[in-house]
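Trainee: I'd like to learn how to read a sheet and the helices packed on it. Can we go through one together?

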Amino acid sequence: MKNIKLSMMEAVLLESLRSNGVSNQELLNNLDGRSWEETFSTEYEALLNIYSQDKQQFIELLENGYSVKFITFNGLKNLLKMKFNKLEEQDYKIVDNTFELLELNPQQLSTLRQLLSINWTVEEHEREGLDTDSILVKLKPVVVSE
């Protein structure tokens, strides 16, 4: 499986549809039938363009995931909310541009690792009393020095 990369905007568009209950099959049906503009606003045309360029690759990214070319700080907050239903102060804390105390199950962590761009690192931490099916994660921006 090749690593399919989306722009931040494309990822947000896709995840906003998913978080609003649009299934992969419904999305594909609308793209195939070209009923996209009737069903969703034209801002989602970027997804139609990706689909039109390579339908099989689009299906693969829906089924197997994708990574984002470059994730901004606020983009990561939005993706955590849309993809994993994780909210700041409720599900994690932000300290010095680092996402701390984020609890994920192994599948979510695997998905997050695939999704993240190279400008973020993932640190796993153990904590006593934490559900064994959960992993405590810290997401840190990569600092590039000149």
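Predicted model: local features only at pLDDT ≥ 70, side-chain atom pairs only at ≥ 80, totals over all residues.

Trainee: How many bridges pair E3 with E4, and in which sense?

Mentor: General idea: helices (H or I, at least four residues) and strands (E, at least two) are DSSP runs, numbered from the N terminus, and two strands pair if DSSP finds at least two bridges between them. Here E3 (residues 93–95) and E4 (residues 98–104) are antiparallel, over three bridges. They make a hairpin with two residues between them, and Asp96 in that turn has a positive phi of about 50 degrees.

Trainee: In what order do the strands of the open sheet come?

Mentor: The order of the four is E3-E4-E6-E5, with antiparallel pairing. E3 and E5 are the edges, each pairing on one side only. E4 and E6 (residues 135–141) share four bridges, and Leu104 faces Ile135 there. Six bridges join E5 to E6, with Val122 partnering Leu139.

Trainee: Which strands does H6 touch, and what angle does its direction make with that of E4?

Mentor: For angles, axes are lines fitted to C-alpha atoms, for helices over the stretch in contact, and values run from 0 to 180 degrees between N-to-C directions; contact means heavy atoms within 4.5 Å. H6 touches E3, E4, E5 and E6, at about 15 degrees to E4. H7 lies across E4, E5 and E6, at about 140 degrees to E4.

Trainee: Is Leu80 buried or exposed?

Mentor: Buried is under 20% relative accessible area, exposed over 50%, partly exposed in between (1.4 Å probe, protein chains only). Leu80 has 0% relative accessibility, so it counts as buried. This residue sits in H6 (residues 73–84), and beyond four places in sequence its contacts include Phe99, Leu102, Leu112 and Leu139.

Trainee: What does the side chain of Ser117 reach?

Mentor: The backbone nitrogen of Ile71, at 2.9 Å. Ser117 lies in the loop between H7 (106–115) and E5 (120–125). With a relative accessible area of 5%, Ser117 is buried too. Leaving aside neighbours within four places in sequence, Ser117 contacts Val68, Lys69, Phe70 and Ile71.

Definitions and conventions: Residues numbered from 1 in each chain as written. Heavy atoms only, no water. Polar contact = N/O pair within 3.5 Å; in protein donor to acceptor, adjacent residues only side chain to side chain.
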